[in-house]
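This briefing describes one protein chain for readers who have its sequence and structure before them. The points are grouped by topic.

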Amino acid sequence: MLPAESPKTHFLIDAAVGRGSFGTVVVATGDIYIEAIGLGATGLILAGFMFRAPRTTMKFGAAGLCLWLIHFAALGAWAAGAGALVALWRNVVGIYFSDQALRWAAIPSIALLVGTWMFSPEGAIALLALGGAFLRVVAVFFRERLYLFRGLFLAGEAIMIPYAVAIGSTALMINSSVAIVIMSATLLKLWREDRSSRARAST
């Protein structure tokens, strides 16, 4: 069953998209089944990181992204749906092709994001989800530069939090918050390892 919709005012979204006054956006009220689908998607993606093989991780990620597509479609969150579709496409390419193919896969991904921005019924808030997805697409071009690669993903997830507030998705807020914590911890670990390596090299 699709959730009922009610208009609510969110000053967080007004600030995020640069509007000078409060505006009204349509926010889907909570539905336990739709939220459960989103939480299940988060669980699948996290479970994938328990495996060492990158392709196994991507397979779990692809399964989780399929659930995200259902979650976003039920909420009418077309911008986030486009972002999930782009991520699913990236995972499928990563599973069956080389890392170089991921860069070519970015071209149709960017085209889809731009097309969604032009025709999205969500208005200005769509830029949050599309901007987050765009940063994650761009990150593919910097896989060898670990700080920049993870930093772009971190920024992309941070942008998703105000969007999650706008569409009323608790599952997306949890997912993005967990991703931010994990990526921040990874960046901190990388920085400490680099500092230790430089210290050893100087002695």
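The structure is a predicted model. Its protein chain contains eight helices and two strands, and 42% of its 203 residues count as buried.

**Overall architecture**

- Along the sequence, the elements of the protein chain occur in the order β-α-β-α-α-α-α-α-α-α.
- Taking contacts between residues at least 6 apart in sequence, 61% join residues at least 24 apart.
- The protein chain has an accessible surface of about 11,200 Å², and carbon and sulfur atoms account for 70% of that surface.

**Helix α2**

- Helix α2 covers residues 32–48.
- The buried residues in α2 are I34, E35, G38, A41, T42, I45 and G48.
- Viewed down the axis of α2, these buried residues fall within an arc of 150°, and they therefore line one face of the helix.
- I32 and Y33 lie on the other side of α2 and are exposed.
- The cover over the buried residues of α2 includes α3 and α8.

**Helix α8**

- Helix α8 runs through residues 170–202, and its 33 residues should span 48 Å at 1.5 Å a residue; the end C-alpha atoms are 48 Å apart, in agreement with that expectation.
- Buried residues in α8 are A171, L172, N175, S176, A179, I180, M183, L187 and L190.
- The elements covering these buried residues of α8 include α2, α3 (54–75) and α7.
- One of the buried positions in α8 is N175, which has a relative accessibility of 14% and counts as buried because the cut-off is under 20%.
- Apart from neighbours within four places in sequence, N175 is in contact with T42, W68 and E157.
- Of these contacts of N175, T42 is itself among the buried residues of α2.

**The salt bridge**

- Which side chains meet in a salt bridge? The side chains of E157 and R136 do so, with an N to O distance of 3.8 Å.
- This pair links distant parts of the chain, with E157 in helix α7 and R136 in helix α6 (residues 126–139), 21 residues apart.
- The count of salt bridges comes to one.
- Are the two partners buried or exposed? E157 is buried, with a relative accessible area of 12%, and R136 is buried, also with a relative accessible area of 12%.
- E157 is also in contact with N175, a residue of helix α8.

- F149 is located in helix α7, which comprises residues 146–167.
- With a relative accessible area of 16%, F149 is buried, because it falls under the 20% cut-off.
- Not counting residues up to four places away in sequence, F149 touches A139, V140, F142 and R143.
- The C-alpha atoms of F149 and L135 are separated by 9.6 Å, and these two residues are 14 residues apart along the chain.
- N91 belongs to helix α4 (residues 78–96).
- The relative accessibility of N91 is 14%, and N91 therefore counts as buried.
- With its neighbours within four places in sequence left aside, N91 is in contact with M58, G61, A62 and L65.

**Nonpolar surface patch**

- V114, W117, M118, F119 and L127 form a nonpolar patch on the surface, and together they have about 590 Å² of accessible area.
- Which helix supplies the largest share of the nonpolar patch? Helix α5 (residues 99–119) does, with four residues.
- M118 is exposed, because its relative accessible area of 55% is over the 50% cut-off.

Note on methods. Residues are numbered from 1 along each chain as its sequence is written. This is a predicted model: local features need pLDDT of at least 70, side-chain atom pairs count only at pLDDT 80 or more; totals for chains, interfaces and linings use all residues. Side-chain values use heavy atoms; hydrogens and water are left out. Buried means under 20% relative accessible area, exposed over 50%, partly exposed in between (1.4 Å probe, protein chains only). Contact means heavy atoms within 4.5 Å. Patches are made of residues with over 30% relative accessible area and no salt bridge: like charges are joined within 9 Å, nonpolar side chains (Val, Leu, Ile, Met, Phe, Trp, Tyr) within 5 Å. Accessible areas come from the Shrake-Rupley method with a 1.4 Å probe; for residues, only the protein chains shown count as cover. A salt bridge is a side-chain nitrogen of Lys or Arg within 4 Å of a carboxyl oxygen of Asp or Glu. The expected span of a helix is 1.5 Å times one less than its number of residues. The arc is that of the directions from the helix axis to the C-beta atoms.
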